Amino acid sequence: VCAGIGEMLVQSHRRTSDGDYIIDVLPALPTAWSKGSVVGLRTRGGFVVGIDWTDRKLQQVTLTSKGGTRCMLAYGGKTKAITFQPDETKRTQGIEF
């Protein structure tokens, strides 16, 4: 059950043609969860994700890369390439950094 809930909030099974992980946030948010937050979700590629949402819309994403690599953040049809140093954390309001 826990893995299924995690997959509703963040997915990382897709990769770009360059091999970068695509981190999809809130891909299957249930309608009953109009407001919420989660921290500490781990994804493929060594990322740790925190997400806040209100009215079923993304408010903030916090990403930490354990290994210092690049990923693509995806939400609502938008994507953003992000490059990290080891153990670096970045935050965004919505999809913009």
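This is a predicted model: local features need pLDDT of at least 70, side-chain atom pairs count only at pLDDT 80 or more; totals for chains, interfaces and linings use all residues.
Arg-14 is partly exposed, with a relative accessible area of 38%. The side chain of Arg-14 meets that of Asp-24 in a salt bridge, with 3.0 Å from N to O. This pair joins distant parts of the chain, since Arg-14 belongs to strand β1 (residues 10-15) and Asp-24 to strand β2, ten residues apart. Is Asp-24 buried or exposed? At a relative accessible area of 13%, Asp-24 is buried, because the cut-off for that class is under 20%.

How many salt bridges does a search of the whole structure find? The search finds three. Another of them is formed by Arg-70 and Asp-20, whose closest N and O atoms are 2.8 Å apart. Arg-70 counts as partly exposed at 34% relative accessibility, whereas Asp-20 is buried, with a relative accessible area of 13%.

There is also the pair Asp-87 and Lys-66, with the closest N and O atoms 4.0 Å apart. Asp-87 is found in the loop between β7 (78-83) and β8 (88-93), and Lys-66 in the loop between β5 and β6, 21 residues apart. Asp-87 counts as exposed, at 51% relative accessibility, and Lys-66 is partly exposed, with a relative accessible area of 42%.

I turn now to strand β4. Six of the eight residues of β4 (residues 47-54) are buried, so this strand is largely enclosed by the rest of the structure. On one side, β4 is joined to strand β3 (residues 36-43) by six bridges in an antiparallel arrangement, and Leu-41 stands opposite Val-49. The two strands form a hairpin with three residues between them, and Gly-45 in the turn has a positive phi of about 90°.

Strand β4 also pairs with β5 (residues 57-65), again antiparallel, through eight bridges. Within this pairing, Gly-50 has Thr-62 as its bridge partner. The hairpin of β4 and β5 has two residues between the strands, and Asp-55 takes a positive phi near 50° there.

Next, the nonpolar core. Which members of the largest nonpolar core touch the most other members? Of its 20 residues, they are Ile-23, Val-25, Val-49, Ile-51, Leu-63 and Leu-73. Two or more residues each come from β2 (21-25), β3, β4, β5 and β6 (70-75), and β4 gives the most, with four residues. In soluble globular proteins, nonpolar side chains tend to be buried together. Setting aside residues up to four places away in sequence, Ile-23 touches, among others, Val-10, Phe-47, Val-49, Leu-63 and Leu-73.

I close with the surface. Val-1, Ile-5 and Trp-33 make a nonpolar surface patch of about 310 Å². Val-1 lies in the segment before α1 (2-9) and is exposed, with a relative accessible area of 87%. Trp-33 is also in contact with Arg-56, as are Leu-29, Pro-30, Thr-31, Ser-34 and Tyr-75, when neighbours of Arg-56 within four places in sequence are left aside. Arg-56 itself lies in the loop between β4 and β5 and is partly exposed, with a relative accessible area of 34%. Its C-alpha atom is separated by 16 Å from that of Glu-7, 49 residues apart along the chain.

Note on methods: Residues are numbered from 1 along each chain as its sequence is written. Side-chain values use heavy atoms; hydrogens and water are left out. Patches are made of residues with over 30% relative accessible area and no salt bridge: like charges are joined within 9 Å, nonpolar side chains (Val, Leu, Ile, Met, Phe, Trp, Tyr) within 5 Å. Accessible areas come from the Shrake-Rupley method with a 1.4 Å probe; for residues, only the protein chains shown count as cover. Buried means under 20% relative accessible area, exposed over 50%, partly exposed in between (1.4 Å probe, protein chains only). Two strands pair if DSSP finds at least two bridges between them. A nonpolar core is a set of buried Ala, Val, Leu, Ile, Met, Phe, Trp, Tyr and Cys residues joined through side-chain atoms within 4.5 Å. Contact means heavy atoms within 4.5 Å.
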